[in-house]
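Trainee: Before we go through this one together, could you show me the sequence and the model side by side?

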There are 2 protein chains.
Amino acid sequence: MSRKPNSEQRRAQIVQALLDTMAEHGYEKATIVLIARRADLTPGLLHYHFHSKADILLALVKALAAAAQQRYLALAQNTLDADQRLKAYIDARLGLGEGADPGAVAAWVVIGAEAVRQPEVRAAYQHAVDTEMALLRELLSASLAAQGKITANAHALAAALLAMMEGTFQLASAAPASMPMGYAAPMAAQLVRRFIDAEPPA
Amino acid sequence: MSRKPNSEQRRAQIVQALLDTMAEHGYEKATIVLIARRADLTPGLLHYHFHSKADILLALVKALAAAAQQRYLALAQNTLDADQRLKAYIDARLGLGEGADPGAVAAWVVIGAEAVRQPEVRAAYQHAVDTEMALLRELLSASLAAQGKITANAHALAAALLAMMEGTFQLASAAPASMPMGYAAPMAAQLVRRFIDAEPPA
């Protein structure tokens, strides 16, 4: 074992402090001093656990992706049915249920914006996007195949659904009052369902 | 007339300089000095035309919204057909055609992220979102009505389509290599078309 459990806890505490600080001040203004204060640790201790702020951010991206994955697996664990698994995925990402985490959603939006400019953030963001695209494409292909439909458009459909999710997070964080309540998960599910129903048979 | 044409030109020049500076450095690091340098003007002259950096940003949000509106109107001007106008809207926002502007898209993503935290940016962003939602809802209602369908879901459908557009901009700016080429406009049009086709009659 290369790290003590205590060290993992400390790292998680620092990552959470970055998330909280970013949600309030943004990434740019989230200095090591501010993050340390939020974590109730010394800046020196932060530097012991992470080389740089960018390093903490990478750990945060991984933690957010892992948490999202856990939500999906928790909802999908009792079914092998392709349509049920797809529905579980959409509910896990877009539902207003217990697993929803506004702070994590806002942090993800900030990370997405940082990814536009900062190469290190972009690499981590793109890796998360690639992982999500692969999962989504697999779920959609399975659902299409279960209905006896062609799967040629599964990739483009995955892209459109991922875009809808990213945009839902953006709008939920920056313009919640402009959007109808609870539209995202039911509408995403219905759009996908009707798209699949209208695909030609394989 | 409260402003000379020359003053309007100068303001547009400063707004463009903010857009270019944000695309490179982000909003936080886009100082008045950097913006002035990019515009080839003195910082004093920037302060003559705008009270603050936030003021320039508000002008930028308005300019981006106006440019997007112009693209749609240019594509929709020759038709009164509801479906054609909806298609023109989707092509104007998501098409890879002449009107597409990667710099403007990247700036919009940064503005969306700033809107999560900064109240002044949020107000301008929300106003743009409200305007877009109203236009989209009207276009979708007209298309639904033209097919003899109920329009009760036009609002939620508008929200889902707007989310898809915002997410497309986000992914195009931060993870372009992860997405299939040119998926957005055709897939958005097809998802909406199949949704409308499956709606119950009015």
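Trainee: How much of chain A counts as buried?
Mentor: The model is a predicted one, in which local features need pLDDT of at least 70 and side-chain atom pairs count only at pLDDT 80 or more, while totals for chains, interfaces and linings use all residues. Residues are numbered from 1 along each chain as its sequence is written, chains are lettered from A and ligands numbered from 1 in the order in which they are written, and side-chain values use heavy atoms, with hydrogens and water left out. Buried means under 20% relative accessible area, exposed over 50% and partly exposed in between, with a 1.4 Å probe and protein chains only. Of the 202 residues of chain A, the share that counts as buried is 50%.

Trainee: How many helices and how many strands does chain A have?
Mentor: Helices (H or I, at least four residues) and strands (E, at least two) are DSSP runs, numbered from the N terminus. Read from the N terminus on, the elements of chain A run α-α-α-α-α-α-α-α-α, and the C-alpha trace of chain A spans about 60 × 45 × 30 Å along its principal axes. The count for chain A is nine helices and zero strands.

Trainee: How many residues of domain 1 of chain A are in contact with domain 2 of chain A, and how many of domain 2?
Mentor: Chain A is divided into domain 1 (1–50) and domain 2 (64–197), with bounds that come from an automatic or database domain assignment. The centres of these domains of chain A, taken over C-alpha atoms, are separated by 28 Å. With contact meaning heavy atoms within 4.5 Å, the numbers are four residues of domain 1 and nine residues of domain 2.

Trainee: Is Ser143(A) buried or exposed?
Mentor: Ser143(A) has its place in helix 7 (residues 119–146) of chain A. Leaving aside neighbours within four places in sequence, Ser143(A) is in contact with Ala82(A), Asp83(A), Leu86(A), Arg193(A) and Ile196(A). Because its relative accessibility is 0%, Ser143(A) counts as buried.

Trainee: What is the relation between chain B and chain A?
Mentor: Copies are superposed by least squares on the C-alpha atoms of residues with pLDDT of at least 70 in both. A rotation of 180° with 0.0 Å of shift along its axis places chain B on chain A, at an RMSD of 0.0 Å. The same surface serves both copies, since 100% of the contact residues of chain B recur in chain A. The relation is that of a two-fold axis.

Trainee: Which residues lie nearest the centre of the largest cavity?
Mentor: On a 1 Å grid over the protein atoms alone, a cavity is a set of points where a 1.4 Å probe fits but cannot get out, and lining residues have an atom within 4 Å of a point; grid points are joined across faces, edges and corners, and a volume is the space filled by probe spheres set on the points. A search of the whole structure finds three cavities of 30 Å³ or more, and the largest cavity has a volume of about 130 Å³. Its lining divides into six nonpolar, two polar and six charged residues, where Ala, Val, Leu, Ile, Met, Phe, Trp, Tyr, Cys and Pro count as nonpolar, Asp, Glu, Lys and Arg as charged, and the others, Gly among them, as polar. Of the 14 lining residues, those nearest the centre are Glu114(A), Arg117(A), Ala113(B), Glu114(B) and Arg117(B).

Trainee: Which element gives the most to the lining of the second largest cavity?
Mentor: About 60 Å³ of space lies in the second largest cavity, which is lined by Gln170(A), Trp108(B), Val109(B), Gly112(B), Glu166(B) and Gln170(B). Helix 6 and helix 8 (154–174) of chain B each supply at least two residues of that lining. The element that gives the most, with three residues, is helix 6 of chain B.

Trainee: What is the phi of Asp40(A)?
Mentor: Asp40(A) has its place in the loop between helix 2 (32–39) and helix 3 (43–49) of chain A, and, with a relative accessible area of 71%, Asp40(A) is exposed. Most residues other than glycine have a negative phi. Asp40(A) is a residue other than glycine with a positive phi, near 60°.

How values were computed:
1 Å grid on protein atoms, 1.4 Å probe; cavity = no way out; pocket = protein on both sides within 12 Å on 5 of 7 lines; lining within 4 Å.
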